[in-house]
Amino acid sequence: MSARNQNSAESRLVQLAAAGDQNAQAALFERYRAAAYTVAFRITGRAEDALDVVQDSFIAAFSRLGEFHQESTFKTWLLRIVTNRALDVLRARRLRVALPLETQNGGSLPVLAPEVSDAAESRDLVERIRAALEKLPPDQRAVFALYAGGDMTYGQIAEVLGIPVGTVMSRLYHARRRLYALLSDLAPRDGPGGSGS
Amino acid sequence: MSTRRDKPDLTADELEAALARVERGELDALEPEQVTALEAWLSADPGAAARLADRVPPMFSAGPLSVAQPPAMVWQRVWRDIRRSVVAPVPLPQHRFWRAAFAVAAVLALAVGLVALHQVGGQADQQVQWARAIEIDELEVFEGAIPLVLSAGLDDTIPVIWVLESGG
């Protein structure tokens with residue numbers, strides 16, 4: 001959505017938040033925390049890291065709202081901050097001294113899709129997908145994380161990441177291809193190379 | 001259609017066909033070389049890129065992608081930490097300017113009013129004027145505040161000291 005189409009009520013909310021109105025900031029937080037968390041979790045793969053990223057991102061956003069001139073939507077601007085911070089977490093993690101795999105993953109709680117959270121088999125499935133996502137290179141993972149919410153267009157993802165639409169398409173293609181390969185036993189018959197998804 | 005394309009290994013028609021498939025949600029059906037050529041074309045042709053920009057990519061069908069959200073209690077804690085950490089915004093420069101301008105205008109209006117009041121009173125020796133014969137031992141103001149000293153009376157017996165707070 002372009003700035004021209006942005007809801008004027010939200011525009012007012014952003015202005016109030018920029019002026020330090022805590023009710024407006026709270027409203028923005030409640031409206032976008034889920035989207036921010038989803039993207040942060042898809043990139044970092046860990047609930048704790050995702051929460052830290054969300055918290056840091058909102059602090060940065062509210063502290064720098066004076067620099068936000070609403071050329072894009074607040075959501076796009078916020079998700080750009082979230083994505084960059086989540087990628088920073090990934091880079092920092094790669095710099096750490098290597099730990100045994102079970103120790104590295106021990107601090108994270110696999111976050112489950114609500115509809116499958118009661119079944120051990122489904123927990124395994126979610127965990128497999130999370131592990132597969134961790135095998136993607138960061139640039140592909142960032143595109144996939146934004147895409148996985150299911151409501152962003154190629155153009156919006158491009159705007160958040162500051163890359164061309166064609167690059168979004170290309171990275172998403174390779175990410176999906178890799179994930180289907182890693183999860184080949186789960187992929188439907190019409191996976192990559194089939195008639196689509 | 002046979003317009004020039006930057007990627008020679010696919011014809012224009014092939015690129016059109018590939019883009020049409022992506023528009024239909026069939027991204028996975030392309031071959032890697034088609035994707036490479038399509039990416040190059042989209043980068044070179046804003047019109048083609050615009051055709052794709054409003055499309056939502058196809059869903060991923062190998063498994064659930066939804067992410068369960070933290071419980072409300074956790075969000076409340078996060079929100080408390082955010083509130084504690086967010087720095088109150090500094091007023092924008094134009095706001096400071098207008099507040100200062102308004103304060104100066106108010107002081108000038110008051111000074112003019114005092115002058116007019118004394119002139120109407122017919123006592124020319126009691127006009128308000130800038131202080132000249134007043135000795136102020138110490139006048140300390142902070143953080144950019146602006147001191148103004150006025151006086152009234154023949155012997156400057158009525159000193160008026162204005163201090164404009166920073167930002168008006």
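Trainee: Which hand does the crossing of helix 3 of chain A and helix 4 of chain B have?
Mentor: Helix 3 of chain A passes helix 4 of chain B in a right-handed crossing. That term applies if the near helix is turned clockwise from the far one by less than a right angle, and left-handed applies if anticlockwise. Helices here are DSSP runs of H or I with at least four residues, strands are E runs of at least two, and both are numbered from the N terminus.

Trainee: Before we go on, what kind of model is this, and how are things numbered?
Mentor: This is a predicted model, in which local features need pLDDT of at least 70, side-chain atom pairs count only at pLDDT 80 or more, and totals for chains, interfaces and linings use all residues. Residues are numbered from 1 along each chain as its sequence is written, while chains are lettered from A and ligands numbered from 1 in the order in which they are written.

Trainee: Back to that helix pair: at what angle do the axes cross?
Mentor: The axes of helix 3 of chain A and helix 4 of chain B (residues 72-85) cross at roughly 35 degrees and come within 9 Å. An axis is a line fitted to C-alpha atoms, for helices over the stretch in contact, and the angle runs from 0 to 180 degrees between N-to-C directions.

Trainee: Which residues meet there?
Mentor: From helix 3 of chain A, A:Leu51, A:Val54, A:Gln55, A:Phe58 and A:Ile59 take part. They meet B:Val74, B:Val78, B:Asp81, B:Ile82 and B:Ser85 in helix 4 of chain B. Contact requires C-beta atoms, placed from the backbone, within 7 Å. An α-helix has 3.6 residues a turn, so residues three or four places apart point the same way.

Trainee: How many residues of helix 3 of chain A are buried?
Mentor: In helix 3 of chain A, 12 of its 17 residues are buried, among them A:Leu51, A:Val54, A:Gln55 and A:Phe58. Buried means that 20 or more other C-beta atoms, placed from the backbone, lie within 10 Å of the residue's own; exposed means 12 or fewer, and partly exposed lies in between.

Trainee: What about its length?
Mentor: The 17 residues of helix 3 of chain A (residues 47-63) should span 24 Å at 1.5 Å a residue, and the end C-alpha atoms are 24 Å apart, which agrees. The expected span is 1.5 Å times one less than the number of residues.

Trainee: And what span does helix 2 of chain A have?
Mentor: Helix 2 of chain A spans only 29 Å between its end C-alpha atoms, whereas a straight helix of 23 residues would span 33 Å. Helix 2 of chain A also has a kink of about 50 degrees, centred on A:Tyr32. That bend is the angle between axes fitted to the seven residues ending there and the seven starting there. Just after helix 2 of chain A, A:Gly45 takes a positive phi of about 75 degrees.

Trainee: Is A:Phe41 buried or exposed?
Mentor: A:Phe41, in helix 2 of chain A, is buried because 28 other C-beta atoms lie within 10 Å. Its C-alpha atom is 9.4 Å from that of A:Val54, 13 residues away in sequence.

Trainee: Changing topic: which residues touch the most other members of the largest nonpolar core?
Mentor: Of its 69 residues, those are A:Ala40, A:Val143, A:Leu146, A:Ile157 and A:Met169. Helix 2 of chain A (residues 22-44) gives the most to this core, with 9 residues. Such a core is a set of buried Ala, Val, Leu, Ile, Met, Phe, Trp, Tyr and Cys residues joined through C-beta atoms within 7 Å.

Trainee: What does A:Ile157 touch?
Mentor: Leaving out residues up to four places away in sequence, A:Ile157 touches A:Val143, A:Leu146, A:Tyr147, A:Met152 and A:Val168.

Trainee: Where does A:Leu90 lie?
Mentor: A:Leu90 lies in helix 4 of chain A (residues 74-95). With 18 C-beta neighbours inside 10 Å, A:Leu90 counts as partly exposed. A:Leu90 and A:Ile43 are 47 residues apart in sequence, yet 7.7 Å apart in space, C-alpha to C-alpha.

Trainee: Finally, how many helices and strands are in each chain?
Mentor: Chain A has 9 helices and 0 strands, and chain B has 5 helices and 3 strands. Buried residues make up 41% of the 197 residues in chain A and 15% of the 168 residues in chain B.

Technical notes. Contact = placed C-beta atoms within 7 Å.
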